[in-house]
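Hi,

Here's the structure I promised to pass along. Have a look, and my notes on what turned up follow below.

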Amino acid sequence: MKQILYSGLIGLVLSLFGTPALIRLLARHGYGQMIRDDGPKAHHSKRGTPTMGGIAFILATLIAYALTKVITGDQPRASGLLVLFLMSGLGLVGFLDDYIKVVKQRSLGLRAKAKLLGQSFVGLAFAILSLQFHDPRGLTPASTSLSFIQDFSWSIGPVLFVMWAYFMIAGMSNGVNLTDGLDGLATGASVMVFGAYVFIGVWQYGQSCDRFVTATANCFEVRDPLDLAVVASALMGSCFGFLWWNTSPAKIFMGDTGSLALGGALAGLAICSRTELLLPLLGGLFVIITLSVIIQVGSFRLTGKRVFKMAPLQHHFELKGWSEVLIVVRFWIIQGLCVAVGLGIFYAGWVSG
């Protein structure tokens with residue numbers, strides 16, 4: 001369990017003290033946020049704020065994980081490394097998107113096809129690799145069975161699993177990306193979900209089937225639950241440190257570099273911990289905000305009318321006159337309730353299993 005404490009603390013310290021250095025570096029090169037003219041007018045004052053801040057917590061997470069393994073002498077596990085690969089790969093796609101926005105002065109960044117191609121390559125590579133690397137028990141980081149709080153008893157096969165995993169990765173990474181519209185909103189919400197996955201990983205490790213002489217109904221068949229908890233702790237600590245500088249008024253934005261990386265990490269943790277269908281509840285705020293965009297676009301195309309003043313949902317409330325801080329805090333409360341309900345269902349499912 002020391003690994004979890006080490007990774008969280010190292011990630012927090014590196015991100016908290018490393019982010020100011022990144023802010024100075026980005027500001028020196030003029031890598032500031034582009035603000036679209038059709039957005040809320042209150043956002044125009046944010047023009048020029050350094051972006052690509054996701055670099056800070058991505059690097060902090062990777063270093064925290066590596067140092068934790070060196071300090072404790074424990075070997076890295078396939079599940080943890082795959083989640084870090086997914087996070088870093090999508091972060092790279094986001095970085096290219098941000099770089100084009102700030103250097104080429106093209107507000108939409110990467111072309112849609114190029115961005116989709118990058119996300120597809122990383123997501124599909126993760127999905128395929130997650131079915132490799134068998135441990136002595138024959139378990140792989142992911143399973144071809146769908147899961148809620150554990151795997152269901154039937155398999156969908158490797159081809160459908162890869163498609164399902166890609167759908168989850170694309171959905172969650174774009175969900176976090178849509179949520180990242182107000183200072184600290186996506187960062188704070190992500191911290192809560194990563195905290196939930198620390199708990200889930202620790203619980204699964206304590207109740208892992210390989211810790212019992214005879215596997216019982218109340219045990220978890222997860223390849224590397226403790227390593228997933230270490231990764232989640234590193235992410236939680238790194239995001240906490242970044243939030244110090246990202247909260248209103250933000251000194252730096254995470255950009256697509258950060259939002260795509262965080263969404264990928266959440267999807268990877270869910271897939272490898274066998275909690276795929278629990279993730280939409282744990283990350284309920286991301287789902288709600290994504291649905292607001294789908295509803296807005298669908299309504300406009302079908303009826304020519306808009307349901308919200310503006311989508312994503314947080315901007316609707318901005319145009320209704322709510323202050324940015326008020327929206328963020330209330331949305332954090334919603335996200336906290338989602339995590340509480342999700343963890344309650346996870347625990348209840350284990351007790352009644």
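In which loop does Met52 lie? That would be the one between helix H1 (2–28) and helix H2 (54–72). Keep in mind throughout that this is a predicted model.

I started with Met52 for its backbone: its phi is near 65 degrees, a positive value in a residue other than glycine. Most residues other than glycine have a negative phi. Met52 has 1% relative accessibility, so it counts as buried. Phe133 also has a positive phi, of about 60 degrees, although it is not a glycine. Phe133 sits in the loop between H4 and strand S1 (145–147), and at 44% relative accessibility it counts as partly exposed.

On to the peptide bonds. Most of them are trans in general. Here, though, Ser248 and Pro249 are joined by a cis bond with omega about -5 degrees, and Pro249 is in the loop between helix H7 (225–246) and H8. Another cis bond runs from Ala311 to Pro312, with omega near 5 degrees; Pro312 belongs to the loop between helix H10 (284–303) and helix H11 (313–319).

Next, helix packing. Helix H3 (residues 78–103) and helix H4 (residues 112–129) have axes that come within 10 Å and cross at roughly 175 degrees. An angle over 145 degrees counts as roughly antiparallel, so that is how H3 and H4 run relative to each other. Residues making the contact include Leu82, Phe85 and Leu86 of H3 and Val122, Ala125 and Phe126 of H4. By class, the contact has 10 nonpolar, four polar and two charged residues.

H4 also meets helix H8 (residues 255–272): their axes come within 12 Å and cross at roughly 25 degrees, which makes H4 roughly parallel to H8. The crossing is right-handed. Lys115, Gln119 and Phe126 of H4 make this contact with Asp256, Leu260, Gly268, Ile271 and Cys272 of H8.

The largest nonpolar core has 83 residues, and Phe161 and Tyr197 have the most contacts inside it. Leaving aside neighbours within four places in sequence, Tyr197 touches residues including Ala229, Ala232, Leu269 and Leu282. Gly201, in helix H6 (residues 185–206), counts as buried because its relative accessibility is 4%. With the neighbours within four places in sequence again left out, Gly201 is in contact with Pro225, Leu226 and Ala229.

Cheers

How values were computed: Residues are numbered from 1 along each chain as its sequence is written. This is a predicted model: local features need pLDDT of at least 70, side-chain atom pairs count only at pLDDT 80 or more; totals for chains, interfaces and linings use all residues. Side-chain values use heavy atoms; hydrogens and water are left out. Axes are lines fitted to C-alpha atoms, for helices over the stretch in contact, and angles run from 0 to 180 degrees between N-to-C directions. Helices (H or I, at least four residues) and strands (E, at least two) are DSSP runs, numbered from the N terminus. Angles under 35 degrees count as roughly parallel, over 145 as roughly antiparallel, 65 to 115 as roughly perpendicular and the rest as oblique. Contact means heavy atoms within 4.5 Å. Ala, Val, Leu, Ile, Met, Phe, Trp, Tyr, Cys and Pro count as nonpolar, Asp, Glu, Lys and Arg as charged, and the others, Gly among them, as polar. A crossing is left-handed if the near helix is turned anticlockwise from the far one by less than a right angle, and right-handed if clockwise. A nonpolar core is a set of buried Ala, Val, Leu, Ile, Met, Phe, Trp, Tyr and Cys residues joined through side-chain atoms within 4.5 Å. Buried means under 20% relative accessible area, exposed over 50%, partly exposed in between (1.4 Å probe, protein chains only).
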